[in-house]
Amino acid sequence: MRALLLRDLRLAFRSGGGFGLGLAFFLILAILVPLGVGAEGTTLGRIAPGILWVGALLACILSLDRIFALDHEDGSLDLLATSPLPMEGAVAVKALAHWLVTGLPLTLLAPGLGVLLNLAPAGYPWLVLSLLLGTPTLSMVGAFGAALTVGLRRGGLLLSLLVLPLYVPTLIFGAEVVRRGAEGMALATPLALLAAISLGAAALLPFAAAAALRVNLR
Amino acid sequence: MVMTVRNLAVARGGVTVLQGLDLALSAGQALTLRGPNGSGKTTLLRTLAGLQPAAAGEIDLNPETVAYAAHADGLKSTLTVAENLAFWSAIYGGPSIDRAIAAMDLAKLTRRRAGELSAGQKRRLGLARLLVTGRPLWLLDEPTVSLDVASVALFAGVVRDHLAQGGAAIIATHVDLGLPEATILDLDPFRTRILARDGFDEAFA
Amino acid sequence: MSIWEYANPKKFMATSAWALPWAVGLTVVCLVVGLVWGFFFTPDDYKQGSTVKIIYLHVPAAMMAINAWVMMLVASLIWIVRRHHVSALAAKAAAPVGLTFTLIALVTGALWGQPMWGTWWAWDPRLTSFLILTLFYFGYMALWSAIENPDTAADLTSILCLVGSVFALLSRYAVNFWNQGLHQGASLSLDKEENVSDVFWVPLLVCIAGFVLLFITMVLLRTRTEIRSRRLQALLARERVA
């Protein structure tokens, strides 16, 4: 499992740009929104939690189809399926690798973009914490979607259509945590629910994704 | 017996392509699959490798003993030859990669990226992967594609060593590998003859 | 005789051919009686006037929008566990019907909301949940149409339906949490105090029965079409092989 994780990370770094693109997209979104909405600080501050979360979500989607598609094209997926590594483990590791190269950098970049969007100072720790708890779900659900669409020629668009509705609960709770944090309200409930969804997804989705992969390899 | 198969039927895309297949393979034995394109060689190998379910019949085979090599080599073009092999060795908890590199004559290429190799060199690297799996039963799908004559002979030697050490192999190929000891199995007699069934059940085999 | 025998395609075709005319007839009777009764022979509401009558389309459509998804979930489970092809095809057949009901519920809701709340659309939890439900229907149908091999498609859509159901439920609670809404409570419940009065209730029940029957009719019809289309494909495949 460690070998697979290291390989995926190494591939991500060597192919260059693969995961940088997601970050650049996130940055561009945070620049474009004020241009579209107007420079007025209070409006921006109010919508900042939502924009940052939606931006993180869309940036995450960009690289989802690479999770399995590349391994499927060059035959590695067939070979991995016949290897001693359980499929569920491979799925979880690949989702983790995806998170390390997209979700984690997005989380670290987010406070900087919060400044651009005039996020209230009290919101920053909660922005980082909510993304830290929520983005693993985005990668795991994304890996499930990628497993469903791996054999398809135009899988990318379908993948977004399948995955985006599944992101709804994470988005709602994640943005709610930041919004309440910025306004200094109690936020234990959405934070706990956000963490619960992440843990549930990490525990159960590898099985669903592995089942989907096996069907696709048939 | 490494593998026993009774009355096996395999299907591709919902259509049964081979049926009534009985096979037995013991240690040190090699089996060459022959048959025209579309006769189900790849489908049979994938079924034996456990990638797809059998349409009918029994396969008595421990999946932990199988190493499968497909048309595609599963190489990562941005990793070096040594890194590609080391990855598979780690996945299988297998032996060191030195023997595999020596056996497939890759010593001069270890630091090259797989993307910079020629088609034949890639194929050799793909076959070297078999040696780091440490598994006894090799299922090989057209292993000699894009290999030159010398490399085919090299590979035949590797297979012979593997058999001598108690391994076994099933090889789908059109080329004469130079393995006279291998049993040849022609798949033509096992090709499906469609049996007409009546009504709406027939669509749901 | 086990109930699973009806999952045999041949048996299903025979049974459904017999049942279909009855289903069509009952659907027409229930819908005509319920809608005519509801539209023309019930009094106007003291607050809402005649706009209340859209309830006879809105409530049954909304109920069936959710029930159709539940039926797809059950059919998907049956396919995964017992691998009856009819079950997978019935789930496939139900999806566009369920989507249509969802859209009817949204459109009639907007038409009703405009005079009542002064707006076509509000981000009310119920409305939002239905909007999200349409996305789930679209995703499910898109996956079916994207995959060529029918068994692969049945497997993958079943897995999607299972996982999607869990997330749909989560979304429902998340949306409730996100915004308390304008929408009135359930129109029907066992708690009699909450209910609409009997004058509206009886024709509403007839309409609901009509929508249930309409759903059954459509699913039977579409499942028969799917089975025929599968047979056609099998015959063509056989011709290509032979």
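Just past helix α9(A), A:Gly184 takes a positive phi of about 70 degrees. That's a handy place to start looking at this predicted model, which scores ipTM 0.90 and pTM 0.90.

Now look at the helix itself. α9 of chain A covers residues 168–183, and at 1.5 Å a residue its 16 residues should span 22 Å; the C-alpha atoms at its ends are 22 Å apart, so the two agree. How many residues of α9(A) are buried? The count is 15 of the 16, so the rest of the structure largely encloses this helix.

Next up is chain B. It holds five helices and eight strands, and starting at the N terminus they run β-β-β-α-β-β-α-α-α-β-α-β-β. A compact globule of 205 residues would have a radius of gyration near 17 Å, and chain B agrees because it has 18 Å. Its C-alpha trace spans about 60 × 35 × 30 Å along the principal axes. Of its 205 residues, 41% count as buried. Take the contacts in chain B with a separation of 6 or more: 75% of them come from residues 24 or more positions apart.

| Helix of chain C | Residues | Mean pLDDT |
|---|---|---|
| α6 (lowest) | 198–241 | 87 |
| α2 (highest) | 55–82 | 93 |

Over residues 189–194 of chain C, pLDDT stays under 50, and the model has three contacts beyond four places in sequence for them.

How values were computed:
Residues are numbered from 1 along each chain as its sequence is written. Chains are lettered from A and ligands numbered from 1 in the order in which they are written. This is a predicted model: local features need pLDDT of at least 70, side-chain atom pairs count only at pLDDT 80 or more; totals for chains, interfaces and linings use all residues. Helices (H or I, at least four residues) and strands (E, at least two) are DSSP runs, numbered from the N terminus. The radius of gyration is taken over C-alpha atoms; the globule rule is 2.2 Å times the number of residues to the power 0.38. A residue is buried if 20 or more other C-beta atoms lie within 10 Å of its own, exposed if 12 or fewer, and partly exposed in between; C-beta atoms are placed from the backbone. Two residues are in contact if their C-beta atoms, placed from the backbone, lie within 7 Å. The expected span of a helix is 1.5 Å times one less than its number of residues. pLDDT is the predictor's confidence in each residue, from 0 to 100.
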